Amino acid sequence: MAQSTETTDWVSRFADEVIEESERRAPGKPVVVASGLSPSGPIHLGNLREVMTPHLVADEIRRRGHRVRHLISWDDYDRYRKVPAGVPGVDESWAEHIGKPLTSVPAPKGSSYASWAEHFKAAMIESLAELGVEFDGISQTEQYTSGVYREQILHAIKHRGDIDAILDQYRTKKAPAKKQQGQKPVDEAELEAAEGSGAAAEDDGGSGSAGYFPYKPYCGNCEKDLTTVTSYDDDSTELTYACTACGFSETVRLSEFNRGKLVWKVDWPMRWAYEGVVFEPSGVDHSSPGSSFQVGGQIVGIFGGKQPIGPMYAFVGISGMAKMSSSKGGVPTPADALRIMEPQLLRWLYARRRPNQSFKVAFDQEIQRLYDEWDRLDAKVADGSALPADVAAHARAVGTAAGALPRTPRPLSYRTLASVADITAGHADQALRILSELDPEQPLTSLDEARPRYDKAEAWINTHVPADQRTIVRDEPDAELLKSLDEQGRESLRLLLDGLAGHWSLDGLTHLVYGVPKVQAGFSADATPKELPPEIKTAQRSFFALLYHLLVGRDTGPRLPTLLLAVGQDRVRSLLGD
């Protein structure tokens, strides 16, 4: 990874800007940053950037001693738009609820939650707690149905002509999102994949016999928003609507009616003004010309507010998956990531990249490399050799203004832990035996010392490594292969077996297995690569392949020193023909 040479990280720069802007707008009041999430289905790792970007900025502001509120608006009063694929306990019968508020849609079968919205909110809330994200949650269902926004709704309707004029400037424009540094060009599929709140695809209001109207009532009979306002009286606030889904019609007094909401492109800027939001990022879908963030910047003035500082954030990908969209089903959520990685690593992935830079979260073998990189950074921070921007990203990963996140007491190599979990197949006593032999001078005395990292590595092995790639140690020696070995092959095994007892630790066995081909070629086992001819590497690969075949019947496998420790001295001797 190319390391940053900047002395100030992106979080600090945004914090400076947000504090200054907040003091300009509302001196002495708490700084307000915001996120919006729609629980329309599983809230995935792309949506998490909607939360982590303002969280990191809010946390930096809090570290500096300022009061700050991080609002998460749960857009649970949005309409249910479609049945997401791949959600357990959900079938096409849920299509009958399309058009209802998410809080009026039944939860998936088997759920303990009262509604669709609560079911998907709960999983995200649990993950945010593990990640150390402090926030104030706001249910838009509660806000709308309790009449909190009544004045804002009436104000929007009073100024519907002004809103319509603003929106009309963009209705025929279809320009691609502006390409930002570090980001690939946007195509339609990516726009869908970038959905953040889930509301970006909603219309900006409709025109009927009552003219343009920025408000949608939910039907009093079928609860759906497939309604059209047919008349409205500004003086009395009497509104008549008709439902195209069930044919129901009624007249209500909007000054008393709480079963409807402003359309998205009006709702969002209304909330900026109502909450005094100073910082709120948005995905590509909200940032292209004519989309909700851009248009909202003009509409917010109607409500007496200002547009927040709003950086556009780029895509979050998955190793092995090009894009993610919650509508397609099967996309990893923060909970999925936290099953296989510690919260510090997941926080670091979001903290080290500027919002407009895309990155990937690894669910394949790449997770081992990411953990190696993290451990190297951890060591550099400890010895003072890390660059300032990397130190800042590390600090934001390991804790918040409230303190350090819980961490693994003995953070052994994830790669090693995964190999041990693979080889021992769930036998904790065997895992402890192997791990206690990694460093004889500081033996591990309990698996708890290696947790939760060990549990995360074990979960990764069990859920993301295909069965045909799992390691199964041979039960009996491969007599045919042993018999076919030439003198050089037999000598290499003798050198290894002779050295086992004296090298029985992770470092010792590493030195031994790499040293055998060197010794056979007439060099010292301590010789460095610079002192050796290129063919030694070829000899090492051949030796390693031989050991893998004799131990696990394959060309490759876990790192040999770990594998040898896992198999145990007696069994290694048996399988190598001693």
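Predicted model: local features only at pLDDT ≥ 70, side-chain atom pairs only at ≥ 80, totals over all residues.
1. Where is the place of Pro452? Pro452 sits in the loop between α16 (428–436) and α17 (453–464), and a cis peptide bond joins Arg451 to Pro452, with omega at about 5 degrees. Most peptide bonds are trans.

2. On confidence, the protein averages a pLDDT of 90, and 91% of the residues score at least 70. Over residues 1–7, however, the pLDDT is below 50, and this stretch has 12 contacts in the model beyond near neighbours in sequence. Over residues 175–202 the pLDDT is likewise below 50, and here the stretch has 69 contacts in the model beyond near neighbours in sequence.

3. The loop between α16 and α17 also holds Glu449. Leaving aside residues up to four places away in sequence, Glu449 touches Thr408, Pro409, Arg410 and Leu444. Glu449 and Arg150 are 299 residues apart in sequence, and their C-alpha atoms are 55 Å apart in space.

4. Thr237 counts as buried because its relative accessibility is 9%, which is under the cut-off of 20%. Ala425 is not a glycine either and has a positive phi of about 50 degrees; Ala425 is found in the loop between α15 (414–424) and α16. Most residues other than glycine have a negative phi.

5. Helix α15 can be followed from one of its own residues, Thr416. Is Thr416 buried or exposed? With a relative accessible area of 5%, Thr416 is buried, because buried means under 20%. Not counting residues up to four places away in sequence, Thr416 touches Leu438, Leu506 and Thr562.

6. The axes of α15 and α17 come within 8 Å and cross at roughly 60 degrees, and that angle makes α15 oblique to α17. The crossing in which α15 passes α17 is right-handed. On the α15 side the residues are Tyr414, Leu417, Ala418, Val420, Ala421, Asp422 and Thr424, and they meet Arg453, Tyr454, Lys456, Ala457, Glu458, Trp460 and Ile461 in α17. Sorted by class, this contact of α15 with α17 has nine nonpolar, one polar and four charged residues.

7. A second pair of helices is formed by α21 (residues 535–552) and α22 (residues 560–567), whose axes come within 11 Å and cross at roughly 30 degrees. The two helices are therefore roughly parallel to each other, since angles under 35 degrees count as such. In this case α21 passes α22 in a left-handed crossing. Phe544, Leu547, Tyr548, Leu551 and Val552 of α21 make the contact together with Leu560, Leu563 and Leu564 of α22. What classes do the residues of the contact of α21 with α22 divide into? There are eight nonpolar residues in the contact of α21 with α22, with no polar and no charged ones.

Technical notes. Residues numbered from 1 in each chain as written. Heavy atoms only, no water. Axes fitted to C-alpha atoms, helices over the stretch in contact; angles between N-to-C directions. Helix = DSSP H or I, 4+ residues; strand = E, 2+ residues; numbered from the N terminus. Parallel < 35°, antiparallel > 145°, perpendicular 65-115°, else oblique. Left-handed = near helix turned anticlockwise from the far one by under 90°. Contact = heavy atoms within 4.5 Å. Nonpolar A, V, L, I, M, F, W, Y, C, P; charged D, E, K, R; others polar. pLDDT = per-residue confidence, 0-100. Buried < 20%, exposed > 50% of the residue type's maximum accessible area, 1.4 Å probe, protein only.
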